[in-house]
There are 2 protein chains.
Amino acid sequence: MDFVATLQAAWRERNSLLCIGLDPDPYRFPASLAGRPEAIFAFCRAIVDATADLVCAFKPQIAYFAAWRAEDQLEALIGHIHTHHPGIPVILDAKRGDIGSTASQYASEAFARYRADAVTVNPYMGYDSIEPYLAWHGKGVILLCRTSNAGGADLQNLDVGGEKLYERVARIAATKWNSSGNCALVVGATFPAEIARVRALVGDMPLLVPGIGAQGGDIAATVAAGQTAGGFGLAINSSRAILYAGSGEDFANAARRAALLTREAINACRAPRT
Amino acid sequence: MDFVATLQAAWRERNSLLCIGLDPDPYRFPASLAGRPEAIFAFCRAIVDATADLVCAFKPQIAYFAAWRAEDQLEALIGHIHTHHPGIPVILDAKRGDIGSTASQYASEAFARYRADAVTVNPYMGYDSIEPYLAWHGKGVILLCRTSNAGGADLQNLDVGGEKLYERVARIAATKWNSSGNCALVVGATFPAEIARVRALVGDMPLLVPGIGAQGGDIAATVAAGQTAGGFGLAINSSRAILYAGSGEDFANAARRAALLTREAINACRAPRT
């Protein structure tokens, strides 16, 4: 099934726009797992199993696995999600970007090795650096557009002939690069006005929105700016605020409570469902 | 030792501006190793040992290891270079880019896990996405500026208020971001006029120049456009044209011959040494 179709189905079936980011940090694990990189899988599996009915997607961040030599645990985690929670798309947050021959290798990494449904990609190197991911039938390609960090403005907000660079990326993505129909964009919750600008440029294209929770983005403003007709169109990501909602052995229950509250906070702002 | 100081010493001691890119593709290995991902280390080690006296740097491309679950072989390869060929800087070509908390993890991956001397980084997310790499004392941060692929022009050549985006990146890198003195820039050999523009903006900052060999960039034009006083300032990368110079069991000797010819072709174009 196509990534975008899977995401759309997950939005409806789970009544949720919440994406949980899996950024495992062994130093923040509860006492029984703390400081044990080999417990990354166990920690993430507990979070996944406690929250799978509440989310439209999971988004493992590969850097948190790579820093700990835990690629095998990332493979196992994604396999676990596919096997035990079918219908939830897995977004590999890797922000890859390279020339075509190398991008083909990165696409193999994301889609063959890790069996991700979508991967985040950096657009700085242009179309031919994105094409190898698009060549994987049905797989999602989520391009960085306006990122949630303060430094995102350094280049992304530069004026490029009457529009900003991130607007140009959005416009090109919508009009030229989305040949597969499985493109999406990253737009940070920390800049709701810019979510609105991107939404105006890209029609119904899904937006992956990091920056609520630990990064401080505003849920109501994000939903108002980014939702499509019927209250869809967004995968709103929270990572640390859910993963580390509790610091004790009941961390998975604490994560579930945080996920429930976040989903409800999002849903309270959505337009009536159609 | 600092990355830039190590690179400068390697330029002089080995009389070479040649960087060999390690992009192992098991389908292109000689018959005895062909199709065997577990032979990636053996293939790369043979190339390294046959060419180490001819290069100023080695540049493993992590995608080619990650696609084959060969992270352990990449660790072993970099360890081999450090142990058996001290003084040659290792550039991990990873083109990472993410928000600060995640970039810290990627910096650990590159510098703690892989023990690279420098890593390539994508500037699209701005200064705070680069800072965590700069925080590693002595390590090199090599920012994408003008990449060698055709699509590089899609964003990098956009006009941003009287200069192109890649020129802006070069200018910011030289004047604001290079607090450590260990920054460098990627500028493709396929666009010599743009190498000259970058050189004019960044003083003596080292440039990593991919795009000769398989990608067709011109050595004479690259050296003329990019060298600093005395014929330094460049790490000119060739990957496939050297790795796969021979297809038989004498591939390492063939790689050495190709590396010798490339180094000499570069040296023939350099200004008299000072």
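## Helices H2 and H4 of chain A

In this predicted model, helices H2(A) and H4(A) cross in a right-handed sense. H2 covers residues 40–51 of chain A and H4 covers residues 71–84 of chain A; their axes lie 9 Å apart and the helices pack at an angle of about 20°. Angles under 35 degrees count as roughly parallel, and H2(A) and H4(A) are therefore roughly parallel to each other.

From H2(A), the residues that make the contact are A:Ile40, A:Phe41, A:Cys44, A:Arg45 and A:Val48. Their partners in H4(A) are A:Gln73, A:Ala76, A:Leu77, A:His80 and A:Ile81. Sorted by class, this contact of H2(A) with H4(A) contains 7 nonpolar, 2 polar and 1 charged residues.

## Helices H2 and H4 of chain B

In chain B, the axes of helix H2 (residues 40–51) and helix H4 (residues 71–84) come within 9 Å and cross at roughly 20°. That angle makes H2(B) roughly parallel to H4(B). The crossing of H2(B) and H4(B) is right-handed.

On the H2(B) side, B:Ile40, B:Phe41, B:Cys44, B:Arg45 and B:Val48 take part. They meet B:Gln73, B:Ala76, B:Leu77, B:His80 and B:Ile81 of H4(B). The contact of H2(B) with H4(B) has 7 nonpolar, 2 polar and 1 charged residues.

## Helices H9 and H10 of chain A

Another pair of helices in chain A consists of H9 (residues 192–202) and H10 (residues 219–226), whose axes come within 8 Å and cross at roughly 15°. This crossing angle makes H9(A) roughly parallel to H10(A). H9(A) passes H10(A) in a right-handed crossing.

H9(A) contributes A:Pro192, A:Ala193, A:Ile195, A:Ala196 and A:Arg199 to the contact, while H10(A) contributes A:Ala221, A:Thr222, A:Ala225 and A:Gly226. By class, the residues of the contact of H9(A) with H10(A) divide into 6 nonpolar, 2 polar and 1 charged.

## The nonpolar core

In soluble globular proteins, nonpolar side chains tend to be buried together. In this model, the largest nonpolar core has 202 residues. The residues with the most contacts inside this core are A:Leu185 and B:Leu185.

Residues up to four places away in sequence are left out of the following list of contacts. A:Leu185 touches A:Ile142, A:Leu143, A:Cys145, A:Ala170, A:Ala173, A:Val198, A:Val202, A:Met205 and A:Leu207.

## The contact between the chains

On the side of chain B, 42 residues are in contact with 42 residues of chain A. Four helices of chain B each give two or more residues to the side that touches chain A: H3 (62–66), H5 (100–113), H7 (153–156) and H8 (165–177). The largest share, 7 residues, comes from H5(B). By class, the side of chain B that touches chain A divides into 17 nonpolar, 15 polar and 10 charged residues.

## A:Tyr64

A:Tyr64 belongs to helix H3 of chain A, which spans residues 62–66. A residue is buried if 20 or more other C-beta atoms lie within 10 Å of its own. A:Tyr64 has 26 other C-beta atoms within 10 Å and is therefore buried.

Leaving aside neighbours within four places in sequence, A:Tyr64 is in contact with A:Asp23, A:Pro24 and A:Asp25, and also with B:Gln105 of chain B. A:Tyr64 and A:Leu18 are 46 residues apart in sequence, and their C-alpha atoms are 21 Å apart in space.

Note on methods:
Residues numbered from 1 in each chain as written. Chains lettered and ligands numbered in written order. Predicted model: local features only at pLDDT ≥ 70, side-chain atom pairs only at ≥ 80, totals over all residues. Contact = placed C-beta atoms within 7 Å. Nonpolar A, V, L, I, M, F, W, Y, C, P; charged D, E, K, R; others polar. Axes fitted to C-alpha atoms, helices over the stretch in contact; angles between N-to-C directions. Parallel < 35°, antiparallel > 145°, perpendicular 65-115°, else oblique. Left-handed = near helix turned anticlockwise from the far one by under 90°. Core = buried A, V, L, I, M, F, W, Y, C linked by C-beta atoms within 7 Å. Buried ≥ 20, exposed ≤ 12 C-beta atoms within 10 Å, placed from the backbone.
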